[in-house]
Amino acid sequence: MTEKKRYLVTSALPYANGPLHIGHLGGAYLSADIFVRFLRLTGKEVVYICGSDEHGAAITIRAKKEGTTPQAIVDKYHASIKSTFEKIGMSFDIYHRTSAPIHHETSQDFFRTLYKNGEFLEKTSEQYYDTKAEQFLADRYITGTCPKCGHTDAYGDQCEKCGSTLSPTELINPRSTLSGETPELRETTHWYLQLDKYEEWLREWIENGKLNGQQLHDPNDWKNHVLGQCKSWLDGGLQPRSMTRDLDWGIDVPSDIPNSEGKKLYVWLDAPIGYISATKEWAANNGKDWKQYWQDEESALVHFIGKDNIVFHCLIFPAILKSHGDYVLPINVPANQFLNLEGKKLSTSKNWAVWVHEYVEEFEGRIDELRYNLIKNMPEQRDSEFTWKGFQDSTNNELVNNFANFVNRVVVLTNKYYDGKVPDFNPDQIIIDSNSQTDTSFHDSELLALHDQLQDLGEQIRSYEFRAALTTLLGISARGNQLLQFNEPWKAIKTQPETVKVVLNISLQIVAALSVASRPFLPFTSDKLRGLLNLPPIEDKGELTDLLSNLSEGNPILAAGHTIGDPIHLFTKIEDSVIDAQVEKLNATAAAVGAANGTPYEPIKETITFDDFSKMDIRTGVVLEAEKVKKTKKLLKLKIDIGAEQRTVVSGIAEYYDPEKIIGQEVLLLANLAPRKLRGIESQGMILMAENEKGELAFVQPKEAFGGGFTVK
RNA sequence: GGCGAGGUAGCUCAGCUGGUUAGAGCGCAGGAUUCAUAAUCCUGAGGUCGGGAGUUCAAGUCUCCCUCUCGCUACCA
């Protein structure tokens, strides 16, 4: 990786609309925290930026639901998220928020500059307008019947029942959530960023790391799935993207721009710019120059995100930065994939999650255990999984048995044999090598081996291989265990006391090295180790670099005669009962949500008159022919016999029925529905299907061999 | 259907531009050991690298076809 003088590291801004779960930590936060803590240990200038994303329609809607104001919602969650991050040991230099005035100014300046540079395309389109509330409606403010599954409370952008992505104009019977009225379509003007114009340089930058012929980074350092997704978008052709919205909670389009009234900045001219405004705030508070981080070639910008944010951080935000001019582009965007929980996707709405604030309470003082397991299972290259059993195993087998036990052995032996003082030794004394049971070794060569392990660990972190780095860290204490095991100081103390001095001296140096090297991963343990060894607290001023240079010269980290403290248990085992309780809790809360969210049954629809019903002509029918519609996953083309005539019907049932197996199937057909073309085939009616809560479909049929064409009343 | 990412030991995953008997951690089996939170250490078993074909002196690694998983996207009157 290209070495830079200065690092600007960001983690995706969490949305201030709910608490944090372990998926967040494993995605965009722990990785970044390891990276910056490591950089600090190497003495780099680094600033780590994050904050709450506090705008957008979802927050207004939540406020309405809870009968409060959007400000109250974001205040509540901002405070909660911020405090959770602190407890879990996230080492942000600043945790900012997008409701801060400096952020509004920064975002508006950005908009103004892009506007003046002529980067925008003004476009007018039709959108729903609520005449009673006198405003345009964001997608989320519109509900209606989902055209795909018939769910009556689908949102304008998405149906939460069937997961389809929608646009507001597709909804049947659209209603405004503000007034309950039926909205009308009105013209509105927005500013579009012409991403299509940037396609060429974005491609060159993504694929070759070059901009204007200058090599900015090596694409080989980027993750496969990140490059893949970017290329997929580039190959599909970029479209102009609206940078404004008709919203009431967000950052105003600057009032000096014509037609700006009622317009707010779109989240992508808001949230990522939060990285910049947070840097400004931090710089102002710490006597620094924010421009050195954002506008200097010697500064490396690294965005840590989840895979859902790849396109925005790799294409759209860079496009915004370059359109503005003066800004550096990210040197890497090491996006993680998703973390699953006990075999299923994490889901806030289904309450299938491990909430970090709850963990912090229930596992007080055991933060590093969670950090360890999440890093160990970090979804670096593919989706991965957290299980409570795995959490127990990694804690008990690796942290307790390997890491903490090694430290404990060393401290106990030192206290027992040398009254807690680091023993002096004869450098020519031969001991058994930690790598083999037969070879011989010296004090210095063991320190060099330690040096190499730390060097490896650093290289792994630099190349964003945090899981591997964690394995290397545990390899250090594993090697310490071998050293003790091969040399058996508990026996040798009687026969070869000089050997024991060398072995324990080395072991103590290893523990001292661990107090530094563990810091990026296990910050609380690092602090405990420093205390245990009576070493000064780490100040993040290049301690690891100093350590490495000392080791390479064979200098000890702990001088002979230095007194250490009494043994402590860094980690304790997690009992089965604790794990069982957590699994039970997870299942119970998820089940409770299922029950509260109701029932698998849909609410009964509005009452209709008999006349309404009698308008429908439902007939019995028999399937004569069935074939899959080409290039579709769900559609079958059916020929239905309804007695007097035959109808061609296209139906979305291919996932549940094989075409050959439904020939002769008796069905009910809504025969007087207006015909509609699907995939070029005219569908003359609709087959009635029953659908359960899982979305599974079943035919509704009259009794066997009833025959086609008869009416249903 | 299109695109992207994956499918490597029981489990979780490494394997860069193709090159000696395919690796790690956990789990498992056997042995050694007791300083330590019944912890540690050694040894071992276990993989036709999703399936098939091809390129090559040589393929987990390149090409093509098929298949499964995840994500984005289109179709569900």
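Hi everyone. Let me begin with a definition: two strands pair if DSSP finds at least two bridges between them. Keep that in mind while we look at this structure, which is a predicted model.

With pairing defined, here is the sheet I'd like to show you. Four strands form an open sheet in the order β3-β2-β1-β15, and the pairing is parallel. Which strands stand at the edges? They are β3, residues 94-97, and β15, residues 299-304; each has a single partner strand, so one side of each has no neighbour in the sheet. From one strand to the next, the twist averages 25 degrees.

Let's zoom in on one pair. Strand β1 covers residues 6-11 and strand β2 covers residues 45-52, and five bridges join them in the parallel sense.

Next, please find Gln-337, in the loop between α9 (310-324) and β16 (339-341). Is Gln-337 buried or exposed? The cut-off for buried is under 20% relative accessible area, and Gln-337 has 12% relative accessibility, so it counts as buried. Leaving out residues up to four places away in sequence, Gln-337 touches several others, among them His-225, Pro-379 and Arg-382. Lys-307 is also on that list, and the side chains of Gln-337 and Lys-307 make a polar contact at 3.1 Å. Asp-308 is 29 residues from Gln-337 along the chain, yet their C-alpha atoms are 8.2 Å apart.

Finally, the RNA. How many residues surround RNA strand B? There are 57, and the closest are Lys-345, Asn-405, Lys-634, Leu-635 and Leu-673. By class, this surface has 24 polar, 17 charged and 16 nonpolar residues. Helix α12 gives the largest share, eleven residues.

Which part of the RNA faces the protein? Among the atoms of RNA strand B within 4 Å of the protein, 73% belong to sugar or phosphate, and the rest to bases.

The side chain of Lys-573 has an N or O atom 2.8 Å from a phosphate oxygen of RNA strand B. A backbone N or O atom of Gly-685 is 3.1 Å from a sugar or linking oxygen of RNA strand B. For a base, go to Phe-571, where a backbone N or O atom lies 2.6 Å from a base nitrogen of RNA strand B.

Note on methods
Residues numbered from 1 in each chain as written. Chains lettered and ligands numbered in written order. Predicted model: local features only at pLDDT ≥ 70, side-chain atom pairs only at ≥ 80, totals over all residues. Heavy atoms only, no water. Near = heavy atom within 4 Å. Polar contact = N/O pair within 3.5 Å; in protein donor to acceptor, adjacent residues only side chain to side chain. Helix = DSSP H or I, 4+ residues; strand = E, 2+ residues; numbered from the N terminus. Nonpolar A, V, L, I, M, F, W, Y, C, P; charged D, E, K, R; others polar. Buried < 20%, exposed > 50% of the residue type's maximum accessible area, 1.4 Å probe, protein only. Contact = heavy atoms within 4.5 Å. Axes fitted to C-alpha atoms, helices over the stretch in contact; angles between N-to-C directions.
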